[in-house]
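Please walk me through this model in the viewer. Tell me what to select at each stop and what I will find there.

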Amino acid sequence: MTFRLFGIGALVLLLVCAPVIRPPRPEELTVSSEGQASAPEAYSYKTAEMLKRPTFWLYFIWNIMLSAGGMLVINSASSISVFYGLSAVIGLVVSVFNGLGRLAIGSCMDRLGWKKPMYLNNGILLFSGVLLLLGDRAGAGLIVLAGMLAMGICYGGGITISASLIRSLYGPAHYAANFSVCNLCVIPASILGPMISACLQDGSGAYLSTFVMVLVIGLAALGLNVFIRRP
């Protein structure tokens, strides 16, 4: 029944929204924000050319780190909530902040370009790890919940960054293929994040080591972020 309702809802949304979707006008593509290219004049990299750029692979690995760091927590949000004395349903609020993160980071990219929001999102990941660690040490479920909500913002923001960064750095002409290749980072992240979380939890029976790993991944991603530049 759940899948049927999703199918009906998707059909209704497509029928209502598809007629109003149109290609952007040339003047709508020109962006002057710092750190972003003016799309009509920017050189457009073919996918094979993009894959030869070290900057792409640095970003690809960075994105894997942020996504895997998010999945360390998000995949177990309900279980973590129960472990720290909260309702399992409360953990699902992380998904709401996932959506809010996409809006917030997307708004920042419109105003600041692509580089500063990357540092911001990386900082949110580290802030989340600190809250999770403090909440565990203090046995405070609400602090842990705040850390999980921050993680939701970070995870959602990473997806938004990819959508804008690939177009800004590699141009509009081959955007569909380039963005699709970039999204392949979700595959290793989806494997590594839950796998690491399960191994750490099986070894300790608690979530402290998982929260420490969030900080480790955040620091490693921050160091990598320094070397990500426009090709």
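Buried means under 20% relative accessible area, exposed means over 50%, and partly exposed lies in between, with a 1.4 Å probe and protein chains only as cover. This is a predicted model: local features need pLDDT of at least 70, side-chain atom pairs count only at pLDDT 80 or more, and totals for chains, interfaces and linings use all residues. Residues are numbered from 1 along each chain as its sequence is written, and side-chain values use heavy atoms, with hydrogens and water left out.

**Confidence**

Colour the chain by pLDDT, the predictor's confidence in each residue, from 0 to 100. The protein chain averages 88. At least 70 is the score of 94% of the residues. Now select residues 32-40. Here pLDDT stays under 50. The model has 27 contacts beyond four places in sequence for this stretch. Contact means heavy atoms within 4.5 Å.

**The salt bridge**

Select R137 and D136. They form a salt bridge, with the closest N and O atoms 2.9 Å apart. The rule asks for a side-chain nitrogen of Lys or Arg within 4 Å of a carboxyl oxygen of Asp or Glu. By this rule the count comes to one salt bridge. R137 is exposed, because its relative accessible area is 60%. D136 is buried, at 12%.

Helices are DSSP runs of H or I with at least four residues, numbered from the N terminus. Select V16, in helix 1 (residues 2-17). V16 has 57% relative accessibility, so it counts as exposed. Together with V16 they form a nonpolar patch on the surface, with about 760 Å² of accessible area. Patch residues have over 30% relative accessible area and no salt bridge; nonpolar side chains (Val, Leu, Ile, Met, Phe, Trp, Tyr) are joined within 5 Å, and like charges within 9 Å. Areas come from the Shrake-Rupley method with a 1.4 Å probe, and for residues only the protein chains shown count as cover.

**Helix 3**

Move to M50, in helix 3 (residues 47-50). M50 is at 0% relative accessibility, so it counts as buried. Show what surrounds it. Leaving aside neighbours within four places in sequence, M50 is in contact with Y45, F56, Y170, N178 and V181. Now draw a distance from M50 to G193. They are 143 residues apart along the chain, and their C-alpha atoms are separated by 26 Å.

**Helix 4**

Select residues 54-74, which are helix 4. Of its 21 residues, 15 are buried, so helix 4 is largely enclosed by the rest of the structure. At 1.5 Å a residue it should span 30 Å, and its end C-alpha atoms are 30 Å apart, which agrees. The expected span is 1.5 Å times one less than the number of residues.

**Helix 7**

Select residues 94-112. These 19 residues should span 27 Å; the end C-alpha atoms are 26 Å apart, which agrees. Which residues of helix 7 are buried? They are V94, N98, G101, I105, G106 and M109. What do they pack against? Their partners are helix 4, helix 5 (77-83), helix 6 (88-91), helix 8 (115-138) and helix 9 (141-170).

Zoom in on G101. G101 is buried, with a relative accessible area of 0%. Beyond four places in sequence, G101 is in contact with G106, I153, G156 and G157. L149 is 48 residues from G101 in sequence, and 9.7 Å away in space, C-alpha to C-alpha. Then step past the helix end. G113 follows helix 7, and its phi is positive, near 85 degrees.

**Helix 9**

Select residues 141-170. Helix 9 is mostly covered, with 22 of its 30 residues buried. It should span 44 Å, and its end C-alpha atoms are 43 Å apart, which agrees. G171 follows helix 9, with a positive phi near 90 degrees.

Pick S197 in helix 11 (residues 186-204). S197 counts as buried at 4% relative accessibility. Not counting residues up to four places away in sequence, S197 touches L72, S76 and T210.

Last stop: N225, in helix 12 (residues 208-225). Is N225 buried or exposed? N225 is buried, with a relative accessible area of 0%. Beyond four places in sequence, N225 touches W62, K115, M118, Y119 and N122.

Notes: Helices (H or I, at least four residues) and strands (E, at least two) are DSSP runs, numbered from the N terminus.
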